[in-house]
Amino acid sequence: MRKGIPVSPGVAVGTAYCIHEIYVDPETPCLEDKEVTAELDHYEAARERAMADLRALQAKVESQVGHAEAAIFAVHESILRDATFSDKIRTWIAKERLTAQSALHRLINEYTSLFARTKDEYLRERLNDVRDVVLRLNGHLSQVTRRGTPQPVHGPLIIVADELLPSQVVALGNIEVKGIVTQAGSQTSHAAIIARSRGIPAVSGVPGILRHVNTGDTIIVDGRDGHVAINPDAETRSAYRKLEREFFHLKDELAANRDAPAVTADGVALQLQANINSLADAQAAKAMGAGGVGLFRTEYLYLTHPDVPDEEEQLKTYRAIIAATPAHEVTIRTLDIGGDKTVPYLGHTHKEANPFMGWRSIRLSFEHPELFLTQLRAILRAAAFARSKRGKVRILFPMITTLEEVHRIRKMVRRACQQLDKEHKDYVEADIGMMLEVPAAAISVDTLLHAVDFVSIGSNDLVQYLMAADRDNPKVSHLCQPLAPPVLRVLARVVEACVRAGKPLTLCGEMAAQPRAFVLLVGMGLRSFSMSPAFIPSMKDLASHVTVAQAGELLQRVLQLRTTHRIKRFMRDQLTRIAPSSNWLDTE
Ligand code: PEP
Ligand code: MG
């Protein structure tokens, strides 16, 4: 039994499928003498293709984003040209009879242990560049040699990986995944977000697990308390299988409410929308009975794209998502990159000391006006498509801190509209909203809300900034608590200000799908929530057990309590009484 951070609730028992950065089948024999020349040729062919890729990427990013941003690809190309780099590989192939992929595997391990000893951030960053180049080479090699791609697998599987990268998720395609375990990551890592949006139990932050699990092993993932068991005994296995069946049964039972309206026990209507990252999530949102999409995180469009998605590509994706979404209502958030998510061409040439307080999100969009305008134009054009289907698109801007930023955004949107007018392109002037996720914005909500058409609380960030505790750092994640007394006070003030001003308000952080927090938010007067699609049926069910008056009373009692621990315990006791099945969704 190992313990990690529970990031997506539920229980799964299944067959492990390990994803290594470079897959080298342990059974691969050494090369025969007569195979060496061909292997060296394979390596050369892959190197040529990788260099051609990098040159094309550099040209595209240079024309669409800028010269400085494209420079990273020149750096990667220079690594491929570096004599020491290729000499090592060639020597291992020729002298030690390694396959090119085994040689790459050895190279990355060698660099990793070398760099592990350095404290120099700059050098550590260079390791990421080397890794990037090696993975690109590896991709081409597996195409050339057809070796190194794991045997096709069939679900349902439990994925075990270091960290699940967006590109790996895409590569998994339609394989049925029933659980995820990662070595790195936390509540808000990519793996966690994917797992929650699909309702898959997941545990992150289990160091070294890849060394102890092999593809084919039986593995248990308990996403309620973060336990992972490898090759458990028959008794443990059957106990967990029973829990797994109960979890599935509950999910099925709840999903049956998909066409029912979301209302409290005393008949007050709630809006339950979905947070999505992709078209597949929009389809899941429909299946779960979402009332539209409250947050489309567009960064995944950039993260999973081989280079920069241009206006037409974006428009195509937005349209497909609008077409798949219930009522065709989609809130599209502009690029929220930086912090924990980066793309190579958006120039973080060296690591920032405080990335979450640094150059991320809207701050980055302002510095790339062309990139920003391209996205705004695509969204405004998508809004015209939504209107043709009697739906609606709203534009949401992340990480707003000051009123000046809102003014600047309005100016950019006007510019995009003028351009589209001139080009006679069809568009709609969509509503403009701000993510409220920076404490400064929460304090000044009264001033800010008049400048926007709607507000969406990003509680994941708001909580980490209020508590000054990085949401991705397991050492301090115990402080990142949405039920902490100061967080609840700030939220109650923000909700009150928006309700008083009649400003449409949603909350789209993870707490929207946490039963205890959900009830307290209803008590504050919040009526619109956006969450991972998989949670919508459960929250609909929970709402039907609670009256608004009851939620208000619980909130008043909670606001008297002085510690997070007491609030959690109090709310757990109350919910056990009011809606016992909601306990399934509670992590610790
Ligand atoms: C948030 O901060 O609460 C949010 C919804 O956005 P993200 O998790 O993408 O930062
Ligand atoms: Mg955020």
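Two strands count as paired when DSSP finds at least two bridges between them. The model on screen is a predicted one, and this tour starts at a pair of that kind.

**Stop 1**

Select strand 3 (residues 11-19) and strand 7 (residues 218-222). They pair in the antiparallel sense, over 5 bridges. Within this pair, glycine 14 stands opposite isoleucine 219 of strand 7.

Is valine 221 buried or exposed? Its relative accessible area is 0%, so valine 221 is buried. Show what surrounds it: setting aside neighbours within four places in sequence, the contacts of valine 221 include Gly10, Val11 and Ala12. Also among them are Ile158, Ile180, Val181 and His227, as well as Pro201, Ala202 and Val203. For a distance to check in the viewer, take the C-alpha atoms of valine 221 and isoleucine 200: they are separated by 9.9 Å, and the two residues are 21 apart along the chain.

**Stop 1: salt bridges**

The salt bridges come to 28.

Begin with lysine 34 and glutamate 32, whose side chains meet in a salt bridge at 3.8 Å, N to O. Lysine 34 has 69% relative accessibility and therefore counts as exposed. Glutamate 32, at 45%, counts as partly exposed.

Next select arginine 106 and glutamate 96. Their closest N and O atoms are 2.8 Å apart, in a salt bridge. Arginine 106 belongs to helix 4 (residues 100-116) and glutamate 96 to helix 3 (residues 83-96), so the pair ties together parts that are 10 residues apart in sequence. Both ends are partly exposed: arginine 106 at 31% relative accessibility, glutamate 96 at 38%.

Aspartate 453 counts as partly exposed at 30% relative accessibility, and arginine 410 does so at 25%.

For the network, select Glu311, Glu312, Arg377, Arg381, Glu423 and Lys425, which salt bridges link together.

**Stop 2: the magnesium ion**

Select ligand 2. Which residues coordinate the magnesium ion? They are Glu437, through OE, and Asp461, through OD, at 2.1 to 2.2 Å. The pair links distant parts of the chain, 24 residues apart: glutamate 437 sits in the loop between strand 13 (431-436) and helix 15 (439-443), while aspartate 461 is in helix 17 (residues 459-467). Both glutamate 437 and aspartate 461 are buried.

**Stop 3: strands 9 and 16**

Move on to strand 9 (residues 271-276) and strand 16. The two run parallel and are joined by 4 bridges. Alanine 274 has methionine 531 of strand 16 as its bridge partner.

Show the side chains of strand 16 (residues 528-531). Ser528 and Ser530 point one way, Phe529 and Met531 the other way, and all are buried. In a regular strand, side chains alternate between the two faces of the sheet.

**Stop 4: helix 22**

Finish with helix 22 (residues 564-578). At 1.5 Å a residue, its 15 residues should span 21 Å, and its end C-alpha atoms are 21 Å apart, which agrees.

Colour the buried residues of helix 22: Ile567, Lys568, Phe570, Met571, Gln574, Leu575 and Ile578. They cover an arc of only 170° around the axis, which means that they lie on the same side of helix 22. On the other side, His565 and Arg577 are exposed.

Key
Residues numbered from 1 in each chain as written. Chains lettered and ligands numbered in written order. Predicted model: local features only at pLDDT ≥ 70, side-chain atom pairs only at ≥ 80, totals over all residues. Heavy atoms only, no water. Buried < 20%, exposed > 50% of the residue type's maximum accessible area, 1.4 Å probe, protein only. Donors = N, O, S within 2.8 Å, 3.2 Å for Na, K, Ca; no water. Expected span 1.5 Å × (residues − 1). Arc of directions from axis to C-beta. Salt bridge = Lys/Arg side-chain N within 4 Å of Asp/Glu carboxyl O. Contact = heavy atoms within 4.5 Å.
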